[in-house]
Amino acid sequence: MVVWPFVQAGGFLLAFSIIRGGGFGQSLLVTYLGVLVWSTSALVITASAAFFAKNAELIRHLVFPFHLIVATEVNVKYLFFLVQAVVGVVFLLFTEQTSNPFEGILGLFVFLLGS
Amino acid sequence: MFLLFTEQTSNPFEGILGLFVFLLGSYLLLLALAWLFSLIGAVVPDLVLALPALLTLLLALSPVFQFGSSVPTALQIFNEINPLSIAVDSFYGAVGARGEVEIPWLFAGGCLIFFFVVRVGVRKIYRELAKIA
């Protein structure tokens, strides 16, 4: 469930890229990151809207700060977003630096593996 | 990441700070939206069915796909008041994806205020809503 924004962002990106006929360069990565921000927010909103329906019985009968359950769910989703966003931003910054960002990423991986 | 920001902008601290401010603001926004929609979902349970389609439609109208000078004025105004569009715009500004790097102070400040307002409301309303849910 938490990797759903990743899949959704990829799907939307592919669909809109085909419709708009855009390239596969930096603009694609920028769009992907935007969709990732949006789809993470959308997932949080949709999941939270069903919170009371899922936990109504618990909330009626137990004395517990239930807003913490919502916060925990948000934390998990945010953590997955954070990992994807940081990787995306690093990749985006590589595209600013070099004409071939794959080369930069590959070089970094090879060095890390070697070291 | 810091090294890569030095390549992009003359002030790399600005880039890192912008990203950090955005991430902090977006976390507060997500938390506040989650609490708010958990309350709205209790009052209008059928909203869960409509939300995915609605949010997908709004994504197509958001600054992710609609940007530049060709966007109609009505859509620009709508995106200026849509919190998710503001989040996307702030993210682009923070990483300098579509122009100069901008630190999203206003976004983070707005999210902080929104967070505290929703937090206070949630504490009072949650248990009352649970009684009638």
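Me: Taking contact to mean heavy atoms within 4.5 Å, what share of the contacts in chain A with a separation of 6 or more comes from residues 24 or more positions apart?

Reply: That share is 62% in chain A. In chain B, 63% of the contacts between residues at least 6 apart in sequence join residues at least 24 apart. This is a predicted model, in which local features need pLDDT of at least 70 and side-chain atom pairs count only at pLDDT 80 or more, while totals for chains, interfaces and linings use all residues. Residues are numbered from 1 along each chain as its sequence is written, chains are lettered from A and ligands numbered from 1 in the order in which they are written, and side-chain values use heavy atoms, with hydrogens and water left out.

Me: How many helices and strands does each chain have?

Reply: Helices (H or I, at least four residues) and strands (E, at least two) are DSSP runs, numbered from the N terminus. Chain A has five helices and zero strands, in the order α-α-α-α-α from the N terminus. Chain B has six helices and zero strands, and its elements run α-α-α-α-α-α.

Me: How far apart are the end C-alpha atoms of helix α2 of chain A, and what span should its residues give?

Reply: The expected span is 1.5 Å times one less than the number of residues. Helix α2 of chain A (residues 26-49) has 24 residues and should therefore span 34 Å; its end C-alpha atoms are 35 Å apart, which agrees.

Me: How many residues of α2(A) are buried?

Reply: Buried means under 20% relative accessible area, exposed over 50%, and partly exposed in between (1.4 Å probe, protein chains only). In α2(A), 22 of the 24 residues are buried.

Me: What area is buried between chain A and chain B?

Reply: Buried area is the accessible area (1.4 Å probe) that two parts lose on being put together, summed over both. Between chain A and chain B this is about 4300 Å², and carbon and sulfur atoms give 78% of it. On the chain A side, W38(A), I45(A) and F52(A) lose the most area to chain B, together 19% of what that side buries. The contact involves 43 residues from chain A and 50 residues from chain B.

Me: How many salt bridges does the rule find across this interface?

Reply: A salt bridge is a side-chain nitrogen of Lys or Arg within 4 Å of a carboxyl oxygen of Asp or Glu. Across the interface of chain A and chain B, the rule finds zero.

Me: Is S90(B) buried or exposed, and which residues is it in contact with beyond its sequence neighbours?

Reply: S90(B), in helix α5 (residues 83-95) of chain B, is buried because its relative accessible area is 12%. Apart from neighbours within four places in sequence, S90(B) is in contact with F22(B), P104(B) and F107(B). By contrast in sequence terms, V120(B) lies 30 residues from S90(B) along the chain, and their C-alpha atoms are separated by 26 Å.

Me: How does L61(B) count by relative accessibility?

Reply: L61(B) lies in helix α3 of chain B and, at 31% relative accessibility, counts as partly exposed.

Notes:
Contact means heavy atoms within 4.5 Å.
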